[in-house]
Amino acid sequence: MNIRRIRFDHPDAVKLNDEVQAEYHLRYGDGGDATTLDAADFAPPRGVYLIAYDEQGRPVATGGWRSQDLNDEGNEDGDAELKRMYVIEQARGRGLARRMLTALEEDARAAGRSRMVLETGTKQPEAIALYTSSGYEPCAKFGYYRFHDESRCFAKQL
């Protein structure tokens with residue numbers, strides 16, 4: 001797997017983002033994640049967006065983090081918010097999500113972020129299993145979905 005830094009508005013990122021949004025819609029029936037994101041959110045050193053490519057150069061996994069500091073949505077100073085973790089269906093079960101998560105954690109730590117935070121939902125049990133097995137613990141809810149019953153938030157000290 002070849003992991004590359006890519007802009008969030010790169011065509012491969014847009015393609016995978018459309019796929020993950022479609023999956024969110026299938027699971028939750030709400031049209032996808034309504035969190036406002038901008039390509040600038042993932043521009044180093046305040047964030048990064050990564051895509052993993054397979055041996056044939058096809059984009060197969062994605063994820064990013066963006067800086068968050070103390071705000072009225074429940075974030076704390078030093079937070080790196082994990083966004084758009086996704087592995088295409090044909091590439092699942094190979095450990096790509098865990099490798100992507102590790103790469104994102106390392107990048108956020110190197111950028112001086114002290115805590116990785118994420119929001120997921122109850123209809124994504126495989127995501128919850130990945131995060132909890134990677135050392136993430138439940139934390140106070142934050143972000144766009146903090147008032148939704150299906151929302152689950154996790155954090156890990158970097």
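Is Asp-9 buried, partly exposed or exposed, and at what relative accessibility? At 43% relative accessibility, Asp-9 counts as partly exposed, where buried means under 20% relative accessible area, exposed over 50% and partly exposed in between, for a 1.4 Å probe and protein chains only. The side chain of Asp-9 meets that of Arg-7 in a salt bridge with an N to O distance of 3.0 Å; such a bridge is defined as a side-chain nitrogen of Lys or Arg within 4 Å of a carboxyl oxygen of Asp or Glu.

The model is predicted, so that local features need pLDDT of at least 70 and side-chain atom pairs count only at pLDDT 80 or more, while totals for chains, interfaces and linings use all residues. Residues are numbered from 1 along each chain as its sequence is written, and side-chain values use heavy atoms, with hydrogens and water left out.

Secondary structure elements are DSSP runs numbered from the N terminus, helices being H or I with at least four residues and strands E with at least two. The strands form an open sheet of seven, with mixed pairing and the order 1-2-3-4-5-7-6. Strand 1 and strand 6 (137–138) are the edge strands, each pairing on one side only; two strands pair if DSSP finds at least two bridges between them. Strand 4 and strand 5 run parallel and are joined by three bridges. Within this arrangement, Val-117 in strand 5 is the bridge partner of Glu-81.

Helix 2 (residues 96–110) lies across strand 1, strand 2, strand 3, strand 4, strand 5 and strand 7 (151–157), and runs at about 30 degrees to strand 3. Helix 3 (residues 125–133) packs on the sheet and touches strand 4, strand 5 and strand 7, with its direction making about 160 degrees with that of strand 5. For these angles, axes are lines fitted to C-alpha atoms, for helices over the stretch in contact, and values run from 0 to 180 degrees between N-to-C directions. Contact itself means heavy atoms within 4.5 Å.

Helix 1 has 18 residues and reaches 25 Å from its first C-alpha to its last, close to the 26 Å expected at 1.5 Å a residue; the expected span is 1.5 Å times one less than the number of residues. Its buried residues are Ala-13, Leu-16, Asn-17, Val-20, Gln-21, Glu-23, Tyr-24 and Tyr-28. These residues lie on the same side of helix 1 because they cover an arc of only 160 degrees around the axis, the arc being that of the directions from the helix axis to the C-beta atoms. The cover over the buried residues of helix 1 includes strand 2 (47–53), strand 3 (59–68), strand 4 (79–87) and strand 5 (115–121). On the face turned away from the buried side, helix 1 carries the exposed residues Pro-11 and Leu-26. Gly-29, with a positive phi near 65 degrees, follows helix 1.

Phe-8 lies in the loop between strand 1 (2–5) and helix 1 (11–28). It counts as buried because its relative accessibility is 12%. Beyond its neighbours within four places in sequence, the contacts of Phe-8 include Ala-13, Asn-17, Phe-42, Tyr-49 and Arg-84. The C-alpha atoms of Phe-8 and Leu-50 are separated by 8.5 Å, although the two residues are 42 apart along the chain.

Arg-84 is placed in strand 4 and, at 5% relative accessibility, counts as buried. Its phi is near 55 degrees, a positive value in a residue other than glycine. A cis peptide bond, with omega about 5 degrees, joins Pro-44 and Pro-45; Pro-45 is found in the loop between helix 1 and strand 2. Most residues other than glycine have a negative phi, and most peptide bonds are trans.

The structure holds 17 salt bridges. One of them joins the side chains of Glu-81 and Arg-66 at 2.9 Å, N to O. This pair links distant parts of the chain, with Glu-81 in strand 4 and Arg-66 in strand 3, 15 residues apart. Both Glu-81 and Arg-66 are buried. Asp-69 forms a salt bridge with Arg-46, the closest N and O atoms lying 3.7 Å apart. Asp-69 counts as partly exposed at 26% relative accessibility, and Arg-46 is partly exposed with a relative accessible area of 42%. A network of salt bridges links Glu-23, Arg-27, Arg-92 and Glu-126.
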